[in-house]
Amino acid sequence: MGGNGAREDWAIVALAEIAAAPTVAALEALRVQYLGKQGRVTGELRALSGLPALERRARGAVLNEYKTDIEHALSRQREVLAQAEQTQRLEQERLDLTLPGVSPAWGTLHPITRVRRRLADVMLRLGFTLRTAPEMETEWYNFEALNMPADHPAREMHDTFYLEAPYVLRTHTSPFQIRAMRDAGGELPLRVATLGFTYRRDDDATHTPQFMQMEGLVLDRGIGLPDLKGVVLAVVRDVFGPTERIRLRPSFFPFTEPSAEVDMSCPLCLGTGCRVCHTGWIEILGSGLVHPRVLEAGGYDPGEVSGFAFGWGVERVAMLLYGLDELRPLYQNDVRFLQAFDAWDSL
Ligand SMILES: [Zn+2]
């Protein structure tokens, strides 16, 4: 039943207030104000009992209609507010897909790995094959076969780590020469190189007990010092730059005859002389023509075949290439130090 005539003022005000409620809390206050135990509608309904029967029915119908209208208005406004809240939240929590993400930390190659790969690459391009050799060697391969008999003074200099006889931790990569020659079975020419760890009882700023060497060996008929110098120059220039110069200085190694230390022009001062090199030259590798006794130990006839060998420290190459004063940081696993080489190599 509808009321005949206009709504009473207070009911009109109630519906207007509800439709304008700005928050859920304000809406709840209005609900209490009109429908709560002390509310306007509740009070009006309670007052019905004092009316005569006929009047009470008519008034009751009007009040119930108001009550229903107010309930509907409350639930409608509740929905409006919920919608507004969601819109606002979506606005605030919007994902900006153009913002930069959190990138994972990339690993970088160890500087020694970088230099090792670079050296291996140079040797392969020069026509060498790469091979490995045992780090645990017999004394024969490490010394005797390389023209260092038991009483040879050079054996003292090597500060060898002795294992259960007859084994040692190899003190240099040179035993690989003997293994390569024996495996080749007299075949010519032989162009072979190796890269690997070697061990000596040595530990200071520029020495570690474990260090890496790269070594190359070439055998053929008529090989001489000019071949040695040409190949070493090509390797040095490939690694350090096309303007490097080298010089050979007479030296002594038991397994080569003649032997030569190779100096290269200092890459730091371009050969003009600096704090590091003093003279403009830097000692870089050891080399020489393969000693006849070494050729014999490898199964070749020194009367027919000659060759040269050269070897250098991979860490030393890394120090010169990256301008390091010390060798030890390369093996101390400080990630900040190691990551610096990424930037260097991308130059
Ligand atoms: Zn210099």
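A residue counts as buried under 20% relative accessible area, as exposed over 50%, and as partly exposed in between, with a 1.4 Å probe and protein chains only. C266 is buried because its relative accessible area is 0%, and C277 is buried at 7%. This is a predicted model, in which local features need pLDDT of at least 70, side-chain atom pairs count only at pLDDT 80 or more, and totals for chains, interfaces and linings use all residues. Residues are numbered from 1 along each chain as its sequence is written, and side-chain values use heavy atoms, without hydrogens and water.

The SG atoms of C266, C269, C274 and C277 coordinate the zinc ion at 2.2 to 2.3 Å; donors are N, O and S atoms within 2.8 Å of the metal (3.2 Å for Na, K and Ca), and sites may look incomplete because water is not among the atoms. The donor residues follow the spacing C-x2-C-x4-C-x2-C. The arrangement is tetrahedral because the angles between the four donor atoms are 101 to 117°, where the criterion for four donors is that all angles lie between 85 and 135 degrees.

An automatic or database assignment sets the domain bounds, giving domain 1 (9–92) and domain 2 (111–345). Their C-alpha centres lie 95 Å apart.

A nonpolar core is a set of buried Ala, Val, Leu, Ile, Met, Phe, Trp, Tyr and Cys residues joined through side-chain atoms within 4.5 Å. The largest one has 41 residues, and F310 and W312 are among those with the most contacts inside it. With contact meaning heavy atoms within 4.5 Å, F310 touches residues including M123, M214, L228 and L285, not counting residues up to four places away in sequence.

Notes: Tetrahedral: all angles 85-135°; square planar, octahedral: opposite > 155°, others 65-115°.
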